[in-house]
Amino acid sequence: MRKFELIAPCHFGMEAVIKKEIIELGYDVTEVADGRVTFLGDEEAICRANIFLRTAERILIKVGSFHAETFEELFQGTRSLPWEDYIPADGKFWVAKAGSVKSKLFSPSDIQSIMKKAMVDRLKGIYHINWFDETGESFPIRVFLMKDEVMVGLDSTGESLHKRGYRKLTAKAPIAENLAAALIMLTPWNENRILVDPFCGSGTIPIEAAMMAAHIAPGMNREFTAMKWENIIGKKCWYEAFDEAAALVKMPADTDIQGYDIDDKMVGISRENARLAGVEGLIHFQRRGVDVLSHAKKYGFIITNPPYGERLEEKSALSALYRTIGERFAGLDAWSMYLITAYEQAERDIGRKADKNRKLYNGMIKAYYYQFMGPRPPKEKRPDRKRGLCVQD
């Protein structure tokens, strides 16, 4: 099998989470940078990464990298890359996105145009044709310039990996599915523990948690651009990866995952999204305000994305809302709370300083992930069969 250098872009601040995911999939991480993790893998790795990674934005095949401070250097650097190893003579290819940070070349449209010309120039010589009809499969390219270093990747994913396929209807300020998954993975929660989202919106956090509990791979019910790249990845690789995902699904016998919202419409949307995700039986959605949040059991988790007050009319109500969150949390017995918000006075109004605080971005909004950690439950004791004693797990 061919070996590739693969790049998994992610939300800023979530690099450690996706690094752990990649290692757990069995691949070697070679670089961790702001907003992306690079790892090594073969054709099978491209399939499995797209299907199994919960926190990635997409999977890029690294075509190459070079230094460029001028458009001539950009042209020559792009032209030097082995495009014929990836794009057939009838392939449709274009630079789908160009980003630039602290680089002399910064115009996305100019970068895209120059690179397309360079690719055409090289492939004309390779395939001995002067015109590309581009009637074949699509090969979108993404390029990122950082301090004049150009990184070029072939996008194997297509639509972002956060689009699992279940969220047909959304709230007015939805959280991306892969960010919701990352927030859960930053906690010690597992399917045997209680999880409540009192601001569930369209249900994303509870649904992602339920999919984890059932071992449902996030990409097992969607398609990817690279599924049509038979010159790079054989169909057998995809069949085997999807079969692997299907074999791992196991519905837990008992879960306590709950989602609340004050809007009846959003509760209905959440239920429908959960049905489409195949986890409707694992989540209890209910119309309920945070002011009546309660639970009789100990050691539960609140994981939530409350209002930030982005609209002017909402800002005046934020202080009271976060005070209510703090009061209801304080009334729970030995619980933990994990809360993402851009509201800068969150800790003050909750009435407690977070044990940990992680800066990240929810879309283009700078936010903070406040982590209020409760005590761990005692370890369960099990009988020692040899001695008839009880031992701790």
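These legends accompany several close-up views of a predicted model. Residues are numbered from 1 along each chain as its sequence is written, and side-chain values use heavy atoms, with hydrogens and water left out. Because the model is predicted, local features need pLDDT of at least 70 and side-chain atom pairs count only at pLDDT 80 or more, while totals for chains, interfaces and linings use all residues.

**View 1. A salt bridge between two loops, K104 to E69.** Let us start with the charged pairs. Side chains of opposite charge can pair when their charged atoms come close. A salt bridge here is a side-chain nitrogen of Lys or Arg within 4 Å of a carboxyl oxygen of Asp or Glu, and a search of the whole structure finds 18 of them. In this one, the closest N and O atoms of K104 and E69 are 3.5 Å apart. The pair links distant parts of the chain, 35 residues apart: K104 sits in the loop between β5 (92–101) and α4 (108–127), and E69 in the loop between β4 (60–67) and α3 (71–79). Helices (H or I, at least four residues) and strands (E, at least two) are DSSP runs, numbered from the N terminus. E69 is partly exposed, with a relative accessible area of 32%; buried means under 20% relative accessible area, exposed over 50%, and partly exposed in between (1.4 Å probe, protein chains only).

**View 2. D264 and R287 join a helix to a strand.** The N to O distance in this salt bridge is 3.7 Å. D264 belongs to helix α8 (residues 264–277) and R287 to strand β10 (residues 283–287), so the bridge ties together parts that are 23 residues apart in sequence. Both D264 and R287 are exposed.

View 3. D355 is partly exposed at a relative accessible area of 43%, and R352 is partly exposed at 32%.

**View 4. Helix α2 packs against helix α7.** The axes of α2 (residues 43–52) and α7 (residues 235–248) are 9 Å apart, and the helices pack at an angle of about 40 degrees. Axes are lines fitted to C-alpha atoms, for helices over the stretch in contact, and angles run from 0 to 180 degrees between N-to-C directions. The two helices are therefore oblique to each other: angles under 35 degrees count as roughly parallel, over 145 as roughly antiparallel, 65 to 115 as roughly perpendicular and the rest as oblique. Their crossing is right-handed, a label used if the near helix is turned clockwise from the far one by less than a right angle, with anticlockwise giving left-handed. Contact means heavy atoms within 4.5 Å; the residues that meet include I46, I51 and F52 in α2 and W238, F242 and L248 in α7. By class, this contact has 10 nonpolar, one polar and four charged residues. Ala, Val, Leu, Ile, Met, Phe, Trp, Tyr, Cys and Pro count as nonpolar, Asp, Glu, Lys and Arg as charged, and the others, Gly among them, as polar.

**View 5. Helices α5 and α6 cross.** Here the axes of α5 (residues 177–185) and α6 come within 9 Å and cross at roughly 65 degrees. That makes α5 roughly perpendicular to α6, and the crossing is right-handed. E177, A180, A181, I184 and M185 in α5 meet T204, I205, E208, A209 and M212 in α6. These residues divide into seven nonpolar, one polar and two charged.

**View 6. H128 and its positive phi.** Most residues other than glycine have a negative phi. The phi of H128, however, is near 55 degrees. H128 is in the loop between α4 and β6 (138–146) and is exposed, with a relative accessible area of 70%.

**View 7. H215 and P252, in two loops.** H215 also has a positive phi, near 55 degrees. H215 lies in the loop between α6 (204–213) and α7 and is partly exposed, at 41% relative accessible area. P252, in the loop between α7 and β9 (257–261), is 37 residues from H215 in sequence and 9.2 Å away in space, C-alpha to C-alpha. Leaving aside neighbours within four places in sequence, P252 is in contact with A213, A214 and L282.

**View 8. V152, a buried residue in strand β7.** V152 lies in β7 (residues 149–155) and has 0% relative accessibility. Among the residues it touches, not counting those up to four places away in sequence, are I61, F66, W83, M115 and I141.
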